[in-house]
Structures are given as structure tokens and as C-alpha cells.
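Subject: Structure handover

Hello,

Here is the structure I said I would pass on. Please open it first, then read the notes below.

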Amino acid sequence: MDFGFLDTLSIIGALGFFIYGMKVMSEGIQKIAGSRLRKILSAMTSNRFKGVLTGFLVTSIIQSSSATTVMVVSFVNAGLLSLIEAIGVIMGANIGTTVTAWLISIIGFKVKISALSLPIIAIGFPMLFSPRSNLKSFGEVLIGFALLFMGLETLKTSVPDLRSNPQVLEFLASYTDLGILSILLFIVIGTILTIVVQSSSASMALTLVMTNNGWIPFEMSAAMILGENIGTTITANLASLVGNVFAKRAARAHLVFNIFGVVWMLLFFSFFIKAIDFYMVKTQGVSPLDPDQYTSIPVALSIFHTSFNIINTLILVWFANFIARIVNKMVKSKGDEEFRLEHLSGSFVATPEISILEARKEIAKFGKITSRLSEYIRLLLEKPSKRKHSKLMEKVKKYEELTDRLEVEVGRFLSKTHEGNVSEESSIKIRAFLGINHHLERIGDIFYQISKSINKKLESDNWFSETQTENLTEMFDLIDKAFDTMNKNLDSEYSNVSIKEATETEDAINEYRKKLRQNHLYMIETGEIDIQSGLIYNEILTWCERIGDHIYYVSKGIAGKDT
């Protein structure tokens, strides 16, 4: 057989061509509909059945079940979807991904769409230079669509023709008559193939091309499809290893769902194959089981793929709660989420829209962590016992270190997101997040400095007067009010945030600081206190005013104002 190393590289290159086209088209569609997809997923998943429909529609639109799964994981992380709702969307995504097989079977093999690829690129290319982000993204969709079918055409020509290379079929034939072992073998092959190419759509395309060229019979190609269903979930599970507990649970739910499906399908495999063969003979007049009619296999395979995923969903949608319980036991919470990144999904960075949503939720958590420091400073001001004082100092230090780590991790995530192809709107949001991120970290630093000053005051045996303690307590009441406003704004839709309340609280903090400063200077002048004993008191008031400033800057950043 005249098929060497360069021919193998040609197949790999053609597959890469196809995958790249799929990636460009999918990302372009997501950029056009990014915010709309988020609203659809948030509004249409109130129950598992709506979730199935939503998953099907979104995956059919963006032509990538992996992208849909990534979005689902992100929304679970962000608290927009529960695990039960996410399972419904994942089930629907499995059905939606079968649309790819139909596009390839009907258009890819029966219509010379590749002949139109260059004219389509000619139309899409000028759009890439448009200042309008939507038009630019639409150009990417057109180019991705053209590249996808050019890649498919290249893949078809790269795979050796059975008629000129009959040894290929002879090689594969030795593994196709082992009964259930053959089916299991080809399931494993399909799984490995999908893991290697990192795309169920690409492995499906390769399977369809091989069947269209007569490499493998219908039964074995159907077994490969089952393996590809498992393979696409393993890819997500490998990616979730660096994700959080929510990402892992959503990925495991996808794996459990597809494995259940493959198990029951194996029990009815022969019956299912015969039923599809019967349908093809009755409607098309061809049999996918006939070795001489192998060109009919792609359509039969698409029928198998679609019917399997629909039936699997109809069966298991009733067991969504059961699947959720299984994955909750598989992935148990470590109970220390407060001190770990909760919403950033590590490798689950898909589109800027999703990444921005994740960062927003992590920053909202960041805000709650910094406000917790105010509680510990209040307790320090109560002059607790040495043991309790020591524990509080350790907590303040631990939280301050946490704010430092959060600033670095969130900043790195945002910078990585900004390196991608982001729109001007997304770029503005990322810059605002980076500013908010910095202000929250500075609040943590200032609280730590306040704790050190209180500790110094305690060691001096010259504690605050009753009036000073009352003044500081009232100042922290205003700080906490500012925190409440800030955290409410961080949890809100940024476009709806007004800084009126934040401005009023900031003005109140500044006015109270001014009033206390004047009283403090008066007491020094009248000799009621000496400069040395009031130094730390005045220092803490100054830092409180700075905390108020940074809290206010956070709300200004949320509202889109310069800080």
C-alpha cells in the first residue's frame, strides 16, 4: 500500500484545518451572541426540560457542544445555574451536537460547498477590518464556515481510497468480526480519537469520511460514535482538573450521563442497528449493512447519532436529581471555598463574555472578604484577652494575604482574557475590573496596618479613651454601611448601578473624619490629651478615610466612572 509518513501528516493537517475552521466559526458566533446566550441560558433553564431545549438550541447555533458545556460550567460557577439545571442543558447539548453530523452528511458529501469556500472568504475577509465588532465577528463566522468545509474536502482527499488501497479494509476487517469485543474495541478507538483531536465534531467528521470511503462497516462506525460521546466528556473532565468543585461536578455529570447512555445502548445495540437498516431500506432503498453501499453509511450514522442522543435524554432527564446526587458524592466540597478561587475556571476560558462573568463573580466574593476584615478590627477595638487578641491578629493577617493572592490571581486571569480577541466593550469591562481588583487589595492592606497600630496601642498600656473608642466605632459603622452598598453594587448588573448612595456614604465618612480631626486638635490644644497618646487614634481615622475612598472607587468602577 502506497501510504507513508507524509500521507499520515496530510490527514493530521486536514483534520487540523477542519478543527480550526470549526473554532473560528464557533467563536465568531459566540462573540455575536455572547450576551444574548447568557440571557437565554439564565432565563430558559427554570426546569430541566427547558434546560434540554436551551442546550439543544444553543449548541445547534454555535456548533460546539464543548463550548456549550464550558458556558454551562461557567454559569454554574457564577451561580446563574444550579447543577440540576446544568444537567438539563448538557443533555440538550448532546442532541444539538448531532446537527454537525447532518451538516457533514448532507452538505459535506452531497454538495460541493468547498467550491464556494473562496467566494465566502472573499465576502467575509473585508468584514474583519470593520470598526463594528458585530460585523467583524460575522466575517469570522463566514471565514470559519468556509475553512471548515475546505478542511473537510481536504480530509476526504487525504484519506486513501479503498478501491486503490484494499489492504486498509483487510487490516480493519480483522477486528470487525469479534462480536461484542469488536464493538467495545471501536468504542475505545472512538474515545481515544476524540481525546486526541480534542473535538467530538472533528472525530465525527473523520468517522464519517472513513465510512464514506468504505474503511469500516456501519456497526463499527456506530460503536465509534458511542466512544466519541464518552471522549468528548473526558476532555472536559481533564480540563476541570484545574477548575473548582462546581466545574468538576458539571463535567462529571456530563460523563455520568453519557456513560449511562452507552451502557444501555450496548444492551440493545444489535436491535438498534437493524432498526436503522430497516428504515434506510424502506425510505432510501439502500442498506448501510451492505458492503457495496457504504456511501449510504454517513446518513445512517447521523440517524443513529441523533436517535441515540434523543432517546438517551428522554430516559435520563427524569433522573437528573439522581445524577446530581452521584456527582456530589464523586466530587465533595473541601469546605474551605472562602480561601480558594471559587468562580474562575482555570482552563475553562472560552469567550471574553464568559470570562468576564466569572471574574465579576470572583470580584464580588473578593468584596465580601475585604468587608469581613472590618468585623475583626471592631473586635480588636474591644480590647479582648491576649489569647483572643492573638487569634484575631492571625485572622487579619490571613485575610490580608488572601486579598494579595486574589489580586494576583484575578489580575492574571483578566490579563489572559484581555490577550484574546476581545471587543472594545469587553476591553472597557476588563480595565474596570482591574481597577476594582486593585482597590479591594488596598483595602486589605490598610486594615492590616490598622490591626498593627491597635496592637502597638495595646502594648503601650495607654488604651483609647472611652470617647475615642465610641468615635472609632461610629466611624466603622459608616465604613460598614459603605461596604454594604459596595457589595450590593458588586452583586448587581453593572449597567444598572447608580453611585448616588455610595457618594452619600463617602461624603458622610469624609465629614465625620473632618469633625473628629477638629475635635482631636481642640483636645490637644486644651491639654485634655497629649500628642503622643492621640497619634495612633488620629492615624486610624486617616486610614478609615482612605478605606472609604477605596470603597467609593470600587462603586465608581462598577458604574463605569474613572477612578
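Where is Lys383 found? Lys383 sits in the loop between α16 (352-381) and α17. Helices here are DSSP runs (H or I, at least four residues; strands are E, at least two), numbered from the N terminus.

Two points on the source. This is a predicted model, so local features need pLDDT of at least 70 and side-chain atom pairs count only at pLDDT 80 or more, while totals for chains, interfaces and linings use all residues. Residues are numbered from 1 along each chain as its sequence is written, and side-chain values use heavy atoms, with hydrogens and water left out.

Most residues other than glycine have a negative phi. Lys383 is partly exposed, because its relative accessible area is 46%. The cut-offs are these: buried is under 20% relative accessible area, exposed is over 50%, and partly exposed is in between (1.4 Å probe, protein chains only).

Helix α17 covers residues 386-419 and contains Lys391. Lys391 is partly exposed, at 48% relative accessibility. Arg387, Lys391, Lys395 and Lys398 form a positive surface patch. A patch takes residues with over 30% relative accessible area and no salt bridge; like charges are joined within 9 Å, and nonpolar side chains (Val, Leu, Ile, Met, Phe, Trp, Tyr) within 5 Å. Lys and Arg count as positive, Asp and Glu as negative; His and the chain ends are not counted. The place of a charge is NZ of Lys, CZ of Arg, CG of Asp or CD of Glu.

Thr403 is also found in helix α17. Thr403 counts as buried because its relative accessible area is 0%.

**Salt bridges**

The whole structure holds 9 salt bridges. The term means a side-chain nitrogen of Lys or Arg within 4 Å of a carboxyl oxygen of Asp or Glu. Side chains of opposite charge can pair when their charged atoms come close.

One of them joins Glu409 and Arg412, with the closest N and O atoms 3.2 Å apart. Both residues lie in helix α17, 3 residues apart, about one turn of the helix. Glu409 is partly exposed, at 26%.

Another salt bridge joins Glu501 and Lys488 at 2.9 Å, N to O. This pair links distant parts of the chain: Glu501 is in helix α20 (residues 500-525), Lys488 is in helix α19 (residues 466-490), and they are 13 residues apart. Glu501 is partly exposed at 34%. Lys488 is partly exposed at 45%.

Glu545 and Arg513 form a salt bridge too, the closest N and O atoms being 3.8 Å apart. Again the pair links distant parts of the chain: Glu545 in helix α21 (residues 531-558), Arg513 in helix α20, 32 residues apart. Is Arg513 buried or exposed? Arg513 counts as buried, because its relative accessibility is 7%. Glu545 is partly exposed at 25%. Separately, salt bridges that share partners join Arg378, Asp477 and Asp480 into one network.

**Aromatic rings**

How many aromatic pairs does a search of the whole structure find? It finds 11. Rings of Phe, Tyr and Trp (its six-membered ring) pair if their centres lie within 6.5 Å; planes under 30 degrees apart are stacked, over 60 edge-to-face, and the rest tilted. Tyr552 and Tyr553 make a tilted pair, 6.4 Å centre to centre with 40° between the planes. Tyr552 is buried at 17%, whereas Tyr553 is partly exposed at 28%. Ring pairs also link Trp264, Phe268, Phe269, Phe272, Phe304 and Phe308 into a cluster.

**A nonpolar patch and one more loop**

Phe49, Phe260, Ile311, Ile315, Trp318, Phe319 and Phe322 form a nonpolar surface patch, with about 670 Å² of accessible area together. Areas come from the Shrake-Rupley method with a 1.4 Å probe; for residues, only the protein chains shown count as cover. Phe260 is in helix α12 (residues 245-267) and is partly exposed at 32%.

Asp292 lies in the loop between α13 (269-284) and α14 (297-316). Asp292 is exposed, at 69% relative accessibility. Asp292 and Gly214 are 78 residues apart in sequence and 8.6 Å apart in space, C-alpha to C-alpha.

Best wishes
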